[in-house]
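Hi everyone, thanks for coming.

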Amino acid sequence: MKRKATAVWKGSGKEGNGHLTTQSSVLNKTQYSFNSRFAEGIGTNPEELIAAAHAGCFSMKLSFVLDGAGFTAEKLTTRCDITLENGAITSSHLTLNAKVPGISQEKFDEAVADAKVNCPISKLLNTEISVQAVLES
């Protein structure tokens, strides 16, 4: 399986702008710029997209790990905070709130640790990855 996206950029790094389009067209000429990346401008940015990808990938991987252990998640809500410092992504922090009926804290922690290490985006990122997970009753 291969997936693709296209970026078009025009102009200088600071004054220019661009747009992103994904194969699925969920992003279709979605604006990005210096301001949307480093300030509060309108549009998306690569770090925001990485955060969405990591949160989504981790949640799906955790769901599969839970399924394999005989549990079905009622709800997994994952937030990802990507930190960009000095031109490099230095960390990805996942915050998870999960509702998984019948699972023990120990089994839940094992499943979270597995998903953290084995989701494809975690494997791709060359940075510190941390998870704060809460199992709701």
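So, the chain here has four helices and six strands. One thing to keep in mind is that this is a predicted model. If you read along the sequence, the order of pieces goes β-β-β-α-α-β-β-α-α-β. The C-alpha trace spans about 55 × 30 × 25 Å along its principal axes.

How much of the chain is buried? Out of 137 residues, 29% are buried. And here's a number about how the chain comes back to itself: take the contacts with a separation of 6 or more, and 48% of them are between residues 24 or more positions apart.

Okay, let's go inside. In soluble globular proteins, nonpolar side chains tend to be buried together. Here, the largest nonpolar core has 23 residues, and the ones that touch the most other members are Phe 58, Leu 62, Leu 66 and Leu 96. Which elements give two or more residues to this core? They are α2, which is residues 46-68, then β4 at 75-85, β5, and α3 at 105-118. The top contributor is α2, with seven residues.

Let's zoom in on two of those leucines. Leu 62 sits in helix α2. Is Leu 62 buried or exposed? Its relative accessibility is 0%, so Leu 62 counts as buried. Setting aside neighbours within four places in sequence, Leu 62 is in contact with Leu 76, Leu 96, Ala 111, Val 112 and Ala 115. There's also a distance you can check on the screen: Leu 62 and Ala 73 are eleven residues apart in sequence, and their C-alphas are 8.9 Å apart in space.

Now the other one, Leu 66. Again leaving out residues up to four places away in sequence, Leu 66 touches Phe 71, Ala 73, Leu 76, Val 100, Ile 103 and Ala 111.

Next stop, a serine. Find Ser 92, in strand β5, which runs over residues 88-99. Ser 92 has 0% relative accessibility, so this serine counts as buried. What does the side chain of Ser 92 make a polar contact with? The partner is the side chain of His 54, at 2.6 Å.

Cys 80 is in strand β4. Its relative accessible area is 11%, and the cut-off for buried is under 20%, so Cys 80 is buried. Among the residues that Cys 80 touches, beyond four places in sequence, are Ala 51, His 54, Ala 55 and Ser 92. Cys 80 and Leu 96 are 16 residues apart in sequence, with their C-alphas 8.8 Å apart.

Let's move to another serine, Ser 33, which is in strand β3. Ser 33 counts as buried, because its relative accessibility is 14%. Once you leave aside neighbours within four places, Ser 33 is in contact with Trp 9, Gly 16, Asn 17 and Thr 44.

Now for some backbone angles. Most residues other than glycine have a negative phi, and most peptide bonds are trans. Look at the loop between β2 and β3, where you'll find Ser 25. Phi of Ser 25 is near 70°, which is positive, and this isn't a glycine. Lys 29 is found in the loop between β2 and β3 too. Phi of Lys 29 is near 55°, also a positive value in a non-glycine residue. How accessible are they? Ser 25 is partly exposed, at 43% relative accessible area, while Lys 29 is exposed, at 59%.

The elements that give two or more residues to the lining are β1, residues 5-10, and β2, residues 17-22. What classes make up that lining? You get six nonpolar, five polar and two charged residues.

That's my tour, so over to you for questions.

Terms used:
Residues numbered from 1 in each chain as written. Predicted model: local features only at pLDDT ≥ 70, side-chain atom pairs only at ≥ 80, totals over all residues. Heavy atoms only, no water. Nonpolar A, V, L, I, M, F, W, Y, C, P; charged D, E, K, R; others polar. Buried < 20%, exposed > 50% of the residue type's maximum accessible area, 1.4 Å probe, protein only. Polar contact = N/O pair within 3.5 Å; in protein donor to acceptor, adjacent residues only side chain to side chain. Core = buried A, V, L, I, M, F, W, Y, C linked by side-chain atoms within 4.5 Å. Contact = heavy atoms within 4.5 Å.
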